[in-house]
Amino acid sequence: MQDIPLDTKKRGPTSRLLQELIRQAPAEYVTVGWLISHRHSFGIAMLCLGLLATTPVGSMLPGVILAVMAVQMIAGRAQPVFPRFIMTRRLPTKQLLWLGARGAAVMY
């Protein structure tokens, strides 16, 4: 099993991490693979999926993906792993900005 560092004092606030991720986002679109290629990708991905799950229209799919990610975390993975068709899925950057604004507002 892989050792997970417990250096939480070295980590910054999640809101700052989310702002940095948004700042680095490509102008036109982002892929799911790009989103989860960053440090703390489990947390960012779970935050975005959790925000999506609060909408009445799309709560089923994010809930299933969250469950899959939880199993991967329990298994000790450092980053989430998804099939290629999910990793290459394009999302407009403006949707990431919307999610980031909502997420940052909740975290402050």
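Guide: Let us begin with burial: a residue is called buried under 20% relative accessible area, exposed over 50%, and partly exposed in between. Please note that the model is predicted.

Visitor: Why is Gln72 called buried?

Guide: The relative accessibility of Gln72 is 12%. The cut-off for burial is under 20%, so Gln72 counts as buried. This residue lies in helix 4. Neighbours within four places in sequence aside, Gln72 is in contact with Phe42, Arg77, Gln79, Pro80 and Val81.

Visitor: Helix 4 also holds Val68. What makes Val68 partly exposed?

Guide: Val68 has a relative accessibility of 38%. Val68 lies in helix 4, which comprises residues 60–74. Together with Met60 and Val64, Val68 makes a nonpolar surface patch of about 290 Å².

Visitor: How do you know that Thr93 is buried?

Guide: Its relative accessible area is 5%. Burial requires a value under 20%, so Thr93 is classed as buried. Thr93 lies in helix 6, residues 93–107. Residues up to four places away in sequence not counted, Thr93 touches Ala25, Pro26, Ala27, Glu28, Tyr29 and Val30.

Visitor: Why is Ala105 called exposed?

Guide: At 55% relative accessibility, Ala105 passes the requirement of over 50%, and therefore counts as exposed. Ala105 also lies in helix 6. Its C-alpha atom is separated by 8.4 Å from that of Ser15, which is 90 residues apart from Ala105 along the chain.

Visitor: Let us turn to helix 1. Which residues of helix 1 are buried, and how do you know that they are on the same side?

Guide: In helix 1, residues 14–24, the buried residues include Ser15, Leu18, Leu21 and Ile22. They cover an arc of only 120° around the axis, which means that they are on the same side of helix 1. The face turned away from that buried side carries the exposed residues Arg16 and Arg23.

Visitor: What makes the pairing of Arg23 with Glu20 a salt bridge?

Guide: Side chains of opposite charge can pair when their charged atoms come close. The closest N and O atoms of Arg23 and Glu20 are 2.4 Å apart. The criterion is a distance within 4 Å, so the pair forms a salt bridge. The structure holds 1 salt bridge.

Visitor: Why are Arg23 and Glu20 said to be separated by about one helical turn?

Guide: They are 3 residues apart in helix 1, and therefore the separation is about one helical turn. As for accessibility, Arg23 is exposed because its value of 59% is over 50%. Glu20 has a relative accessible area of 32% and so counts as partly exposed.

Visitor: How do you know that Leu35 is buried?

Guide: Its relative accessible area is 14%, and burial means under 20%, so Leu35 is buried. Leu35 is found in helix 2, residues 32–35. Beyond its neighbours within four places in sequence, Leu35 is in contact with Leu21, Ser41, Leu91 and Leu96. The C-alpha atoms of Leu35 and Leu96 are separated by 9.7 Å, although these residues are 61 residues apart along the chain.

Visitor: What is the secondary structure of the protein chain, and what share of its residues counts as buried?

Guide: The chain comes to 6 helices and 2 strands, which run α-β-α-α-α-α-β-α from the N terminus on. Of its 108 residues, 31% count as buried.

Methods: Residues numbered from 1 in each chain as written. Predicted model: local features only at pLDDT ≥ 70, side-chain atom pairs only at ≥ 80, totals over all residues. Heavy atoms only, no water. Helix = DSSP H or I, 4+ residues; strand = E, 2+ residues; numbered from the N terminus. Buried < 20%, exposed > 50% of the residue type's maximum accessible area, 1.4 Å probe, protein only. Contact = heavy atoms within 4.5 Å. Patch = residues over 30% accessible without salt bridge, like charges linked within 9 Å, V, L, I, M, F, W, Y side chains within 5 Å. Areas by Shrake-Rupley, 256 points an atom, 1.4 Å probe, with all protein chains shown as cover. Salt bridge = Lys/Arg side-chain N within 4 Å of Asp/Glu carboxyl O. Arc of directions from axis to C-beta.
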